[in-house]
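Have the viewer open and follow along.

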Amino acid sequence: MTTVEDSHKTKAALTLPSPHDEEWHWSRLNALEILAGEEHGQFPLPNPSSFWSGLTNPKLLFVDGVYQPESSHPGPVKIGAVAAKSQNPLGQMANGASGWTLEIEEDCAEPIEILYLGSGGAYHLPSSVRLAKNVSATLVETYAGQGWGNRFSYFDLGENAQLQRLSRLSCEGGFTSLIEEGRLGENAHLMTDWIGNKGADSRIDQRFDLTASGAELMSGGAFLAREKQRHDIMIITRHIAEGCRSRQKLRALADDESTVSLAVRTEVAASAQKSDGEQSLKGLLLSRNATINMKPELEIYADDVKCAHGAAVGELDPQALFYLESRGIDPEEAKDLLIQSFVMEAFISTPDSLLYSTWLHDTEHWAGEKE
């Protein structure tokens, strides 16, 4: 198990990616040096109960990367060493650290919730998820508090396995980096939804090679930014086997002087006939001083495929606002409704009471500052 002393040992000099590298061109990582040098305990921890669902399902709590057994009900999740390694510059910082592993041999009916709280400073935490053949599960991960939370996740889904995930980027300040890699078996489905609705900057790297026929990777996300906040998302999917399917449906909202950058690349090898890939990137500017960057890419070497991409950035539709206001809706409420409608498009997982209601709550809170 990781100790507080161990977590402080991560404060060695950082080797960070350069913005001269195309894949990190929009990233601003300067703050990570400062965050890595800070001590834990600089900020009070938020109340964990405000992030849990009311269900009696497995729940795990980590504080500054350290597992809290007295506040957890781990169920099938094990705490300990993680064998998987990452080559990502940020993911490498979690290599060899103690984290958590989840191995499921039978369907897991209840969602598994994992809460990461930060009090300042930095932590690097790996995890590994393995689902056996024909197994399905649901995972909800929430990041809250302050500091730099650096997470590496490796997924290994067996044949016909299905995993639905919701990642909530709810830190008030600091930085959240998520590095996601893995292997999908034949006809396996991995569905991920991200929602960024608080004040921390973020970097998400999701990179998968679809090497088994019929594998399906679905990724949805809504990244909501205010003030000088930055969200930076990089998704690379490589279709290598026949009949694989991928979807990226991402939405960006930028207000004040914030920046949201979405870069998605889908590569289809010559061996990946009958691939189906689609990218949908949309941005909504709420301020003329905000910035939304988009870079959709398709690289196709097969000739029997169904692939498409689209990207668009705009402002709130004044005609839609006028329509709502003409029916007695307050102007601010009308704006909030349009924002919520725009964000809800990005929810990609199969409808689920916990995932959907949590996503809706986070969206409403950002749009109208509702509690």
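## The second largest cavity

The second largest cavity holds about 40 Å³ of space. Keep in mind that this is a predicted model. Lining this cavity are Phe51, Trp52, Glu113, Ile114, Leu115, Val140, Thr142 and Arg168. Sorted by class, that lining has five nonpolar residues, one polar and two charged.

Which strand gives the largest share of this lining? That's β5, with three residues. Strands β5 (112-131) and β6 each put in at least two.

## The largest cavity

In total, the structure has three cavities of 30 Å³ or more. The largest cavity comes in at about 70 Å³. Strands β10 (201-210) and β12 (230-239) are the elements that give two or more residues to its lining.

The residues around the largest cavity are Trp26, Ser27, Arg28, Leu29, Phe175, Asp201, Ser202, Arg203, Arg230, His231 and Asp232.

## The largest pocket

Now for the open space. The largest pocket has a volume of about 290 Å³, and 16 residues line it. If you want to centre your view, Ser50, Phe51, Ser170, Glu172 and Lys198 are the lining residues nearest the middle of the pocket. Phe51 also turns up in the lining of the second largest cavity.

Three elements each supply at least two lining residues to this pocket: β6 (136-157), β7 (162-171) and α5 (353-368). By class, the pocket lining has seven polar, five charged and four nonpolar residues.

## A charged pair at the pocket

Which residue does Lys198 meet in a salt bridge? The partner is Glu172, at 3.5 Å from N to O. This pair links distant parts of the chain, with Lys198 in the loop between β9 (189-196) and β10, and Glu172 in the loop between β7 and β8 (175-184), 26 residues apart. Both residues are among those nearest the centre of the largest pocket.

Is Glu172 buried, partly exposed or exposed? With a relative accessible area of 49%, Glu172 is partly exposed. The cut-off for exposed is over 50%.

Side chains of opposite charge can pair when their charged atoms come close. Glu141 has two such partners to look at. One is Arg151, in a salt bridge of 2.7 Å from N to O, and the other is Arg165, in a salt bridge of 3.8 Å. Glu141 sits in strand β6 and Arg165 in strand β7, so this pair ties together parts that are 24 residues apart in sequence.

How accessible are these residues? Glu141 has a relative accessible area of 2%, so Glu141 is buried. Arg165 is buried too, at 1%, and Arg151 is also buried.

Arg165 has another contact worth a click: its side chain makes a polar contact of 2.8 Å with the side chain of Thr192. Thr192 belongs to strand β9 and is buried, with a relative accessible area of 0%.

## Helix α4

Helix α4 covers residues 331-344, which makes 14 residues. Its span from first C-alpha to last is 20 Å, close to the 20 Å expected at 1.5 Å a residue. At the start of α4, a side-chain oxygen of Asp330 comes to within 3.0 Å of the backbone nitrogen of Glu332.

The buried residues of this helix are Ala334, Asp336, Ile339, Gln340, Phe342, Val343 and Met344. For reading that list, remember that an α-helix has 3.6 residues a turn, so residues three or four places apart point the same way.

## One glycine to finish

Gly118 lies in strand β5 and counts as buried, at 4% relative accessibility. How many residues separate Gly118 from Pro46 along the chain? They are 72 residues apart, while their C-alpha atoms are separated by 8.7 Å.

Methods: Residues are numbered from 1 along each chain as its sequence is written. This is a predicted model: local features need pLDDT of at least 70, side-chain atom pairs count only at pLDDT 80 or more; totals for chains, interfaces and linings use all residues. Side-chain values use heavy atoms; hydrogens and water are left out. On a 1 Å grid over the protein atoms alone, a cavity is a set of points where a 1.4 Å probe fits but cannot get out, and a pocket is an open set with protein on both sides within 12 Å along at least five of seven lines; lining residues have an atom within 4 Å of a point. Grid points are joined across faces, edges and corners, and a volume is the space filled by probe spheres set on the points. Helices (H or I, at least four residues) and strands (E, at least two) are DSSP runs, numbered from the N terminus. Ala, Val, Leu, Ile, Met, Phe, Trp, Tyr, Cys and Pro count as nonpolar, Asp, Glu, Lys and Arg as charged, and the others, Gly among them, as polar. A salt bridge is a side-chain nitrogen of Lys or Arg within 4 Å of a carboxyl oxygen of Asp or Glu. Buried means under 20% relative accessible area, exposed over 50%, partly exposed in between (1.4 Å probe, protein chains only). The expected span of a helix is 1.5 Å times one less than its number of residues. A polar contact is a pair of N or O atoms within 3.5 Å; within protein, one must be able to donate a hydrogen and the other to accept it, and residues adjacent in sequence count only if both atoms are side-chain atoms.
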